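Have the coordinates open while you read.

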Amino acid sequence: MLSKEKTLKIKKTAEEYRNVPAPHGVDINLNEYKINKSDIIIDSLEDLDREYRSQLENIGINIKEENTSGSYLQINNEAVYSHVQSKIEMMPISEALEKYDLDEYYWNLVEIKDKYTARAALELSEGFFIRVPKGVKETIPLQTCLLIGKENSSQNVHNIIIVEEGGELNIITGCTTSAHVKSGLHIGISEFYIKKNGKLTYTMIHDWGENVHVRPRTGVYIEENGVFINNYVITTPVKSIQSYPTVYCAGENSKATLQTIVYGKGQSKIDLGSKVVLSGKYSSADIVSRSIADDASEIVARGLLVGEEEEIKGHLECKGLIISDESRLYAVPELDARKANIDLSHEAAVGKIAGDQLIYLMSRGLTEDEAVSLIIKGFLSIDLSGLPPNLAKSVERIIDMTLDSI
Amino acid sequence: MLTIENLSVKVEDKLLLKNINLNIDTGEIHVLFGPNGAGKSTLINTILGNPKYKVVEGSIYFKGKDIIDMPIYERAKLGIGISYQSPPSIPGVKLKDLLKIISKVDWESIEKMAETLHFKDFLERDVNVGFSGGEVKRSELLQLFAQNPDFIMFDEPDSGVDVENVKLIGTIINDILLEKTKKPADRKKSGLIITHMGHILDFTNVDRAHVLYNGIISCSGSPDEILNTIIRYGYERCIACYQKKKH
């Protein structure tokens with residue numbers, strides 16, 4: 001439940017921003033996209049028809065729910081499946097809003113300040129609500145999937161994750177469209193709270209259609225000794241994505257790692273960044289981004305570290321390969337230091353595939369194409385050492401799978 | 001196995017090799033001496049098929065086939081291998097994965113070879129990333145073992161390697177990669193070693209030596225004799241032979 005004041009405030013702000021474009025990313029005409037529900041009713045993911053199942057498998061969702069602690073599936077704006085097999089609590093956000101007082105969590109980390117957030121606030125939206133009870137450490141991953149199942153749909157999502165003190169949660173999220181859907185809009189609000197000594201790893205695979213616009217809006221708040229690891233992967237064409245999640249390392253010794261892997265194909269317009277505000281003493285952050293600009297894609301890779309407290313440490317690494325002359329790669333690494341005794345650094349590099357690497361691999365018997373694809377795979381590989389071994393393995397498998405399609 | 005006839009090679013507009021003739025038979029190891037800039041790297045890059053090196057004249061026959069127009073990877077598939085002096089690193093690609101891609105032998109024997117090279121811990125590391133000089137050489141030998149080529153070129157396999165490891169590397173080149181411990185009739189491999197210092201020769205049974213000077217093979221003969229001459233007189237002596245050959 002939300003208080004009357006909160007509800008009114010959300011509504012008022014949203015009305016104000018209903019037509020305000022976002023500072024980054026192409027401007028989208030929201031009227032082109034209708035808000036749809038879903039007519040699918042299932043008792044398990046295996047009840048889905050073949051098209052959906054294969055689409056879900058493409059983004060790493062285990063249909064049989066093996067080695068998962070729970071599964072959530074949203075099609076358009078309806079939670080069609082939500083099932084946990086562990087002590088974790090999960091339900092559609094619409095249910096959570098009826099059951100709990102969410103004033104402190106709902107629209108608390110993400111501000112309503114553009115037409116996308118305004119739409120998510122004003123119109124029908126759905127999402128997952130996940131709460132890890134105090135001290136519950138679940139290393140088996142929970143899988144969630146957001147799917148656009150109808151042409152020209154506007155999928156409005158609002159997710160909340162609360163990791164209570166000492167809890168641990170590992171999530172794999174896959175976002176996709178069903179095969180026949182070519183155009184759509186995804187607006188995703190995500191607000192994650194990691195309390196004292198809590199840990200959240202969040203791995204997201206995007207596989208949208210060529211004409212789908214994507215506007216995630218994410219805020220993460222980390223308390224004392226909390227850990228947040230975020231991996232984001234997109235290797236398939238999309239109309240446009242613009243996202244700039246903000247992580248608040250507010251607690252002492254809190255830690256955030258954000259890794260982004262982008263393979264820009266087709267006409268994709270991708271504007272991705274991560275911002276970490278380090279306000280807890282001894283807090284630290286690592287932002288790593290790897291982008292490949294191919295075809296006629298345009299990629300903006302942003303990163304911002306804000307040091308607000310002493311003894312914080314942050315590093316931003318932004319590397320890109322540009323393959324096609326039609327493409328563009330624009331890197332914007334930024335540091336904002338506000339205390340004397342801090343350690344912030346960044347490196348950015350954009351280049352092409354090195355000739356000596358190609359020759360090296362070809363002299364071992366790889367064809368030029370094989371050599372290029374191996375170098376690219378290597379370039380895009382991310383550090384999975386922070387993930388539980390089983391999860392690391394499945395994430396590696398999913399990433400390999402998505403890279404194989406390159 | 002490898003026959004080079006009258007080979008001249010250009011890089012950009014510079015003629016770097018002139019009228020090279022070289023014949024390496026099956027079962028033989030040859031060594032190539034020469035001062036810096038003599039064209040040693042040019043020769044192996046040309047045999048390898050690096051497109052930067054343009055053949056302006058002559059032929060290269062490998063296993064009876066003219067390979068001049070073959071791309072690098074086809075030459076590699078035909079059985080030409082190389083141990084680089086300073087190979088590039090391939091970030092994000094584990095050595096283990098590269099070995100599996102290029103391997104023509106079973107995984108157990110690769111693991112065994114990694115153990116012999118004291119290199120097992122490096123299988124999970126990214127190819128050549130942060131490797132020391134000696135580690136790079138062992139990585140190269142392990143890759144060659146997996147690739148199992150019939151003719152291998154070794155570019156300075158002993159440079160930057162400590163004495164103990166020169167012995168290990170030399171022994172593996174000689175005994176395993178080039179099968180010199182087999183009966184002459186059973187040897188199927190050949191090699192060409194480029195060396196500056198000649199340390200590696202203490203552990204390899206080299207059949208013939210050549211001196212490359214200013215793009216010309218100025219002299220060929222017994223490895224010991226040539227090495228001793230170079231050690232004693234430097235490349236000064238070679239200049240005289242070079243002058244003679246040039247005309």
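According to an unreviewed UniProt entry, residues 149–379 of chain A carry the annotation "domain: SUF system FeS cluster assembly SufBD core". Keep in mind that this is a predicted model.

Strand β16 (residues 284–293) pairs with strand β18 (residues 313–322) of chain A in the parallel sense, using ten bridges. If you want a landmark there, A:Ser291 stands opposite A:Gly320 in β18(A). β18(A) also runs parallel to strand β20 (residues 343–351) of chain A, joined by nine bridges. Here the pair to click on is A:Lys313, which stands opposite A:Asp343 in β20(A).

Over in chain B, four strands make an open sheet in the order β2-β1-β4-β5, with antiparallel pairing. Its edges are β2 (14–24) and β5 (65–66) of chain B, each pairing on one side only. Strand β4 (residues 53–62) of chain B is tied to β5(B) by two bridges, again antiparallel, and B:Phe62 has B:Lys65 in β5(B) as its bridge partner.

The strand pairings with bridge counts, side by side:

| Strand pair | Sense | Bridges |
|---|---|---|
| β16(A) and β18(A) | parallel | ten bridges |
| β18(A) and β20(A) | parallel | nine bridges |
| β4(B) and β5(B) | antiparallel | two bridges |

Now for helices in chain B. The axes of α5 (residues 133–147) and α6 (residues 163–177) of chain B come within 11 Å and cross at roughly 10 degrees. With angles under 35 degrees counting as roughly parallel, that makes α5(B) roughly parallel to α6(B). Their crossing is left-handed. On the α5(B) side, the contact is made by B:Gly134, B:Lys137, B:Leu141, B:Leu144 and B:Phe145, while α6(B) brings B:Asn165, B:Ile169, B:Ile172, B:Ile176 and B:Leu177. By type, the contact residues split into seven nonpolar, two polar and one charged.

Finally, where do the chains meet? The contact takes 17 residues from chain A and 18 residues from chain B. On the chain B side, α2 (72–78), β7 (90–94), α3 (95–102) and α5 each supply at least two residues. The chain B residues touching chain A divide into 13 nonpolar, four polar and one charged.

Note on methods. Residues numbered from 1 in each chain as written. Chains lettered and ligands numbered in written order. Predicted model: local features only at pLDDT ≥ 70, side-chain atom pairs only at ≥ 80, totals over all residues. UniProt positions renumbered as here; feature names shortened; annotations may be inferred. Axes fitted to C-alpha atoms, helices over the stretch in contact; angles between N-to-C directions. Parallel < 35°, antiparallel > 145°, perpendicular 65-115°, else oblique. Left-handed = near helix turned anticlockwise from the far one by under 90°. Contact = placed C-beta atoms within 7 Å. Nonpolar A, V, L, I, M, F, W, Y, C, P; charged D, E, K, R; others polar. Pairing = 2+ DSSP bridges.
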